[in-house]
Amino acid sequence: MSECHDCAGCAVAVAPPPLHNGARTHVVAIIGPPNSGKSTLFNRLTGLRQKVANFPGVTVEQRVGKAKMNKAKTPHHSEVVLVDLPGVYSLSPRSEDEQVTRDVLAGNMAGIPKPDALLLILDCTNLGRHLVLAAPILSLKLPTLVILNMADDLKNRGGYVDTAELASELGSPVALISAAKGQGVEKVFQFMEGTSAGTTSLAPPRVELPILQDIPRCRQWAHDVGTGAAYRAPAPPIWTRRLDSVFLHPIAGPLIFLMVVAGVFQTIFKGAKPLMDGLQALIQTSGQGIEHLLPPSIFRSLLVDGIWSGVGAVIVFLPQILLLFLFIGILEDSGYLARAALIADRTMAKFGLQGKSFIPLISAYACAVPAIMATRTIENKRDRLATILIAPFMTCSARLPVYTLIIAAFIADRPLLGHFFGMQAGALLGLYILGFVAAIATARLLKSSILKSERVPFVLEMPPYRWPTLRSLGLRLIDRSKVFLRRAGTVILLVIVVLWVLENLPLKNGQPPEIGDSFAGMIGHAVEPAIKPLGFNWKIGIGLVSSIAAREVIVGTLGTIYHKEGTSESEGLRQALRSDLTPGGAVALLVFFAFAMQCMSTIAVVRRETGGWKWPAVQFAYMTFLAYICALITNEVVRSGIFT
Amino acid sequence: MLQMSVNSGANAAPNGAFARTLAQLPEGEAGVLDRLDLPDDIARRLMELGFLPGHIIVPARSAPTGDPRVYRVDGSEVALRRETASRLILRASKDPSVL
């Protein structure tokens, strides 16, 4: 009796299963062209039991998950390890994605055992193009299930394919499924039950499997195989064309685009505000609660003032990040993201970037961390890297408390353009523009130098519009918040503890010292000669050191140093700064914060997304250098009195 | 620069009176691709997406500025920038050897 009686043409051996070492994991790789629904299937099979990382040393994302199997049918493997490979059209190693795919399939990828079986997923509404990949994959002679995805689309649009016939042509089982709707996914499980029990054997394909470098001949082969399986291509997607006539309309299109962008902006700033305020209040109250519970001690100070408030300062951004990813998820899954990229492309091309960089860069106005994670939608590696490298220049929300404090303390609110637009608003706008200009100038610099040699042209596939599913949106939100909390949270926790130690040691008569005498104060004094030309003193030096945890931490630190309330609205702190800093130093501090990469979370996420320390190191050095030079010039210019 | 000229043989229109590029094709009008005047690796990338010599390509909507433009090719829609589309040479439609 066949294990997979539902999937057409499944070749089942009667031979006894090969010897299995009980502890050995059964590894199944999912392979398919871009936009074939690979990730949707992967999410279907693994659910929450998945981990997203990078393949070692490259920027290619590695997603590994576990599919729970029916114990009765697969006694040796209650779980199957699934590896989601990057989307490729062929196995010729011309891109990083194709190289990674080849290495994994050949068992040459460190940390990933050679797959025991393959799931080849193809979009059956476009079989002529997608079937090309079947020849090199089936030639690997691994047990392979050919999955024809988008079965619902094929049927609704009047297409047809004879799966039994296709299976006998290819010598591999074929399953017609809809990964998004979950139709037919049980056939995939049945296939994996068969391979993990060792009961699946290979049938020789009826057709020849050519491994050709000649694409027209590969296409001809795919066409012939499709014809043999009575393949009838579906009618064009009528709803997609109707929607495109609105979304890509010469006038309505850009208007809708602007409304979408404004909606995203509004939501991540205004919509997230009550949630962020609520979370902030919750963290504060609970911190006070812990304070009351514990006797006063140095440990309580570390726990409440250090860890609780420090980690809280990062977690506060979570609502904003979740809303942002909800938006990006809807845009991507519905197919609108490709249209938005098309509309934005001309503008972005002027800066050496492309349309798909637009949404991540807009997101960076909230926080660079989710923006950098959102660059995964950019397939072109160099464009993606360029976008990652410039994203931290965009004025993120963590810079605002610093800007507000310094501007309110040093810039008189004289009317600039009528009563509604004063000097202070002008200064804030100026800082936003400064960050944006630095970003595009850096993009141009990168694309004309180290990231230049990319010759791959801009190619953007326009997927049909689809309803986003709650399941896929939910899984993405959970995954992204896990990444944010784990990466940002753990790094921040470490930095906070180190900073607390620096600020509270060495003990003086068993008591924490004045901050000027602490290790942090010593560092502040030590760096003073270096930052003096910028108009900063040792107190600002301590602030700069502490702001590496997160930019807005400097406000609290300065509060501690000057014995004032450490908020950006604190009049006492403004007064103290006015009497301690020169105007040149103050404006220089604003410029420094506009450019410097004072954010451990961003550094951590860049390391993660680029697969190593090289790019975050380059980025940190470049941004710090730029910040230093520009702050130096600013201080000199303001001191020279040109503007007074 | 290598010219990808597959299946063109005798049918190939010389770079003369009849040769048009994909960028010049008006929206909604079908054109038959003759060759890709692009470096080998880029030409292969586009061919994998369906821009194959002998295949029919129909320009669809474009971005508001007219660039990039969406092309219907091989049952799917792919957007290309003008700089790329202008390197895809069409078969001369008036050339009787094609029809």
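The place of B:Pro68 is in the loop between β3 (56–62) and β4 of chain B, where helices (H or I, at least four residues) and strands (E, at least two) are DSSP runs numbered from the N terminus. A cis peptide bond joins B:Asp67 to B:Pro68, with omega about -5°. This is a predicted model, in which local features need pLDDT of at least 70 and side-chain atom pairs count only at pLDDT 80 or more, while totals for chains, interfaces and linings use all residues. Residues are numbered from 1 along each chain as its sequence is written, and chains are lettered from A and ligands numbered from 1 in the order in which they are written.

Chain B has 2 helices and 6 strands, which follow one another along the sequence in the pattern β-β-α-β-β-β-α-β. Of the 99 residues in chain B, 42% are buried; a residue counts as buried if 20 or more other C-beta atoms lie within 10 Å of its own, as exposed if 12 or fewer do, and as partly exposed in between, with C-beta atoms placed from the backbone. Two residues are in contact if their C-beta atoms, again placed from the backbone, lie within 7 Å, and among the contacts in chain B between residues at least 6 apart in sequence, 58% join residues at least 24 apart.

The strands of chain B take part in a sheet that also includes a strand of chain A. In this open sheet, 7 strands stand in the order β10(A)-β5(B)-β4(B)-β3(B)-β2(B)-β6(B)-β1(B), with antiparallel pairing; two strands pair if DSSP finds at least two bridges between them. At the edges stand β10 of chain A and β1 (20–21) of chain B, each with a single partner strand, so one side of each is left without a neighbour in the sheet. Helix α13(A) packs on the sheet, where it touches β10 of chain A together with β5 of chain B, and its direction makes about 140° with that of β10(A); axes are lines fitted to C-alpha atoms, for helices over the stretch in contact, and angles run from 0 to 180 degrees between N-to-C directions. Between the chains, β10(A) and strand β5 (residues 76–80) of chain B pair in the antiparallel sense over 4 bridges, with A:Val459 opposite B:Leu80. Within chain B, strand β4 (residues 69–73) and β5(B) are antiparallel partners over 5 bridges, and B:Tyr71 stands opposite B:Val78 in β5(B).

The contact between the chains takes 27 residues from chain A and 29 residues from chain B. On the side of chain A that touches chain B, the elements that give two or more residues are α3 (127–130), α8 (215–228), α10 (252–293), α13 (336–350) and β10 (459–462). The residues of this side divide into 15 nonpolar, 4 polar and 8 charged, where Ala, Val, Leu, Ile, Met, Phe, Trp, Tyr, Cys and Pro count as nonpolar, Asp, Glu, Lys and Arg as charged, and the others, Gly among them, as polar. In helix α1 (residues 40–48) of chain B, the residues B:Ala43, B:Arg45, B:Leu46, B:Met47 and B:Glu48 are buried, and what covers the buried residues of α1(B) includes α8 of chain A together with β2 (31–36) of chain B.

Turning to chain A, the average pLDDT is 84, and 92% of the residues score at least 70, pLDDT being the predictor's confidence in each residue, from 0 to 100. Over residues 1–22 of chain A, however, pLDDT stays under 50.

Strand β4 (residues 79–84) of chain A has 5 of its 6 residues buried, so it is largely enclosed by the rest of the structure. Strand β1 (residues 26–31) of chain A pairs with β4(A) in the parallel sense over 5 bridges, and A:Ala29 stands opposite A:Val83. Strand β3 (residues 61–68) of chain A runs antiparallel to β4(A), joined by 6 bridges, and A:Gly65 has A:Leu82 as its bridge partner.

Two residues of chain A other than glycine have a positive phi. A:Lys141, with phi of about 65°, is found in the loop between α4 (134–138) and β6 (144–149) and is exposed, with 9 other C-beta atoms within 10 Å. A:Met150, whose phi is near 65°, is found in the loop between β6 and α5 (151–156) and is buried, with 29 other C-beta atoms within 10 Å.
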